[in-house]
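Please keep the structure open beside them as you read.

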Amino acid sequence: MTYGIRNLVGIRASAKDPDPKREGYFGTRKSPLGDWGTIGNTIYTYAWGCHTGHTLEFLVALCCYWLLYSDGTIMEEAKTFQMGWVGKILAFNLACEVIFFGFWHYVTYVSRFALSLAPFKYNPENQYEPGKQQARMLTSTTGNLQREMFYTTLGWLQSTASQCVLTWAWASGRLPYYLDFWRNPWYSVLLLMGVTYWREVHFYFVHRMIHPWWDRRNGLLDGDLGAFLYRHVHSLHHKSYNPGPWSGLSMHPVEHLFYYSCATLPPLLITVHPLHFLYCKFHCDIAPIGGHDGLDAPGGGGDFHWLHHAKFECNYGVPFPFNFDKLFGTFVDYEEYKRTGQITASEKCARLMHDPDNSELDAALLPQPGPSEDRVFQVEEVAKHNTRSDCWIIVNGRVLNVTDFISKHPGGEMAIMIYAGKDASTEFNSIHPKGVIEKNAPEAVIGAVQGGAAPAVAEEAEAPMGCATTMLMVLLVCWGFCFVAAFGRGTAGF
């Protein structure tokens, strides 16, 4: 989903051409190879097209290898950690971040082409400058751009650190590697081509792991590690529910650790050429740009992943090389959704999907949404709903419609009915822990009572960050032990 010549030609044509989409690799309206039919096109995609779609990442990896590794000098320097060679790797990576992320953000959201691309934006709202069609390069009034740039930079720094550690491990003899790519041509070429398939398979399972396995309101005690990771880690990425180019790597550092394991794990298990690692790493670094730019072709055209950001619990992977989402009932076809407005997926998937603006997101790193501003009730209005078939109560300034929950209440119906139409905050808070509504009945919150206090759960929104920080430290320590175990020679040379 990386941008390339085809996208640039199409964007340039968008100012005058009502149909600027381009199918040919070099920007021709139609592919010069023609249409080979369903089977022929599939064979072409799997054998060659899937690789040419990531030419940019490969060229960056090749350039990095040529500049830093090809003459073997860095392997002599990297036997010990020194600022010289580490600085070169850091400078190359940060330059790539600024050039490739900054360029695509400029083209699609800042330049004059942003105006002609507006009709191709999946979500017409400008997530950086509401009410406008263009954005700025470094700041936004919503703060979204600053947040995305900050966490994207953390991602590049983590991938840079991985590159430095692996370079040191190769140079110091702690991990096997080889520099003569053509010494084993079949092995070298097939492994390099395998990166394309491995990346997508790895992404699906890692991404699926950090989404709720059963229900987003679950926790660790419910055996739902995915819900826990979503709430404390992955929800940061989903703040960009209307994504842009900088959204792709805007992740929590723990998620970066999972995400980049695609590139860091293989060198620990098999002998690789540095180019294998570099291609996989830069694939991770750069590929998310086009898939997150929020634009249909001639933009990145990542409609299936945009739908994931918009609805959260669908399209966890990409439809290549295997459509795992179809296999597990979580695939939603964007064209069908656009045409019908209906979600066609499994019943469980449809139940879990939700719109970010109209639901309790139940995630510590996401701002806890308050009641809708247009749903404010007078106390007198709440008091009218005091029967078994129409029961509202007030809890901590929020209005809850508990009609459907009465029969399910563990304390019996009468415990609710005595507060029907009334404020039950004092009794409720004396019995229930914070967050119980969000966990067991988030759909019950229908608004706020006029003049009511802010929801009591709001003040705990930032508290779970401690869990995420602790988890990050544990993961980093484990990661370090894995390296030491794999290298098996202590840490001489530090």
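1. In which hand, right or left, does helix 3 pass helix 12? The crossing is right-handed. Please bear in mind throughout that this is a predicted model. Helix 3 covers residues 55-68 and packs against helix 12 at an angle of about 135°, the two axes being 8 Å apart. The two helices are therefore oblique to each other.

2. Here are the residues to look for in that contact. From helix 3 come Leu56, Glu57, Phe58, Val60, Ala61, Leu62, Cys64 and Tyr65, and they meet Pro274, Leu275, Leu278, Tyr279, Phe282, His283 and Ile286 of helix 12. Sorted by class, the contact of helix 3 with helix 12 has 13 nonpolar residues, 1 polar and 1 charged.

3. Helix 12 (residues 274-286) also packs with helix 5 (residues 83-110), here at an angle of about 40° and with the axes 11 Å apart. Helix 5 and helix 12 are therefore oblique to each other, and helix 5 makes a right-handed crossing as it passes helix 12. On the helix 5 side you will find Phe92, Asn93, Cys96, Phe100 and Phe101, which meet Lys281, Phe282, Asp285 and Ile286 in helix 12. This contact of helix 5 with helix 12 is made up of 6 nonpolar, 1 polar and 2 charged residues.

4. The next pair is helix 2 (residues 37-52) and helix 8 (residues 185-209), packed at an angle of about 85° with their axes 10 Å apart. That angle makes helix 2 roughly perpendicular to helix 8. Tyr46, Ala47, Cys50 and His51 of helix 2 meet Met193, Thr196 and Tyr197 of helix 8.

5. What is the order of its strands? It is an open sheet of 5 strands in the order 1-5-4-3-2, and the pairing is mixed. Strand 1 (376-377) and strand 2 (386-387) stand at the edges with a single partner strand each, so one side of each has no neighbour in the sheet.

6. Strand 1 and strand 5 pair in the parallel sense over 2 bridges, and valine 376 stands opposite alanine 448 in strand 5. Strand 5 (residues 445-449) pairs with strand 4 in the antiparallel sense, over 3 bridges. Leucine 400 has valine 445 of strand 5 as its bridge partner.

7. Strand 3 (residues 390-395) and strand 4 (residues 398-401) run antiparallel and are joined by 4 bridges. Valine 395 has arginine 398 of strand 4 as its bridge partner. The hairpin of these two strands has 2 residues between them, and asparagine 396 takes a positive phi near 55° there.

8. A few backbone details deserve a check. Which peptide bond ending at proline 298 is cis? It is the bond from alanine 297, with omega near 20°; proline 298 sits in the loop between helix 13 (288-291) and helix 14 (303-311). A cis bond also leads from phenylalanine 320 to proline 321, with omega near -5°. Proline 321 belongs to the loop between helix 14 and helix 15 (324-327). That loop between helix 14 and helix 15 holds asparagine 315 as well, and asparagine 315 has a positive phi of about 50° although it is not a glycine.

9. Lastly, a word on confidence. The protein chain has a mean pLDDT of 84, with 85% of its residues at 70 or more. Over residues 453-475, pLDDT stays under 50, and the model has 34 contacts beyond four places in sequence for that stretch. Residues 481-494 also stay under 50, with 22 such contacts in the model. Where pLDDT is low, predicted coordinates should not be read in detail.

Terms used. Residues numbered from 1 in each chain as written. Predicted model: local features only at pLDDT ≥ 70, side-chain atom pairs only at ≥ 80, totals over all residues. Heavy atoms only, no water. Pairing = 2+ DSSP bridges. Axes fitted to C-alpha atoms, helices over the stretch in contact; angles between N-to-C directions. Parallel < 35°, antiparallel > 145°, perpendicular 65-115°, else oblique. Left-handed = near helix turned anticlockwise from the far one by under 90°. Contact = heavy atoms within 4.5 Å. Nonpolar A, V, L, I, M, F, W, Y, C, P; charged D, E, K, R; others polar. pLDDT = per-residue confidence, 0-100.
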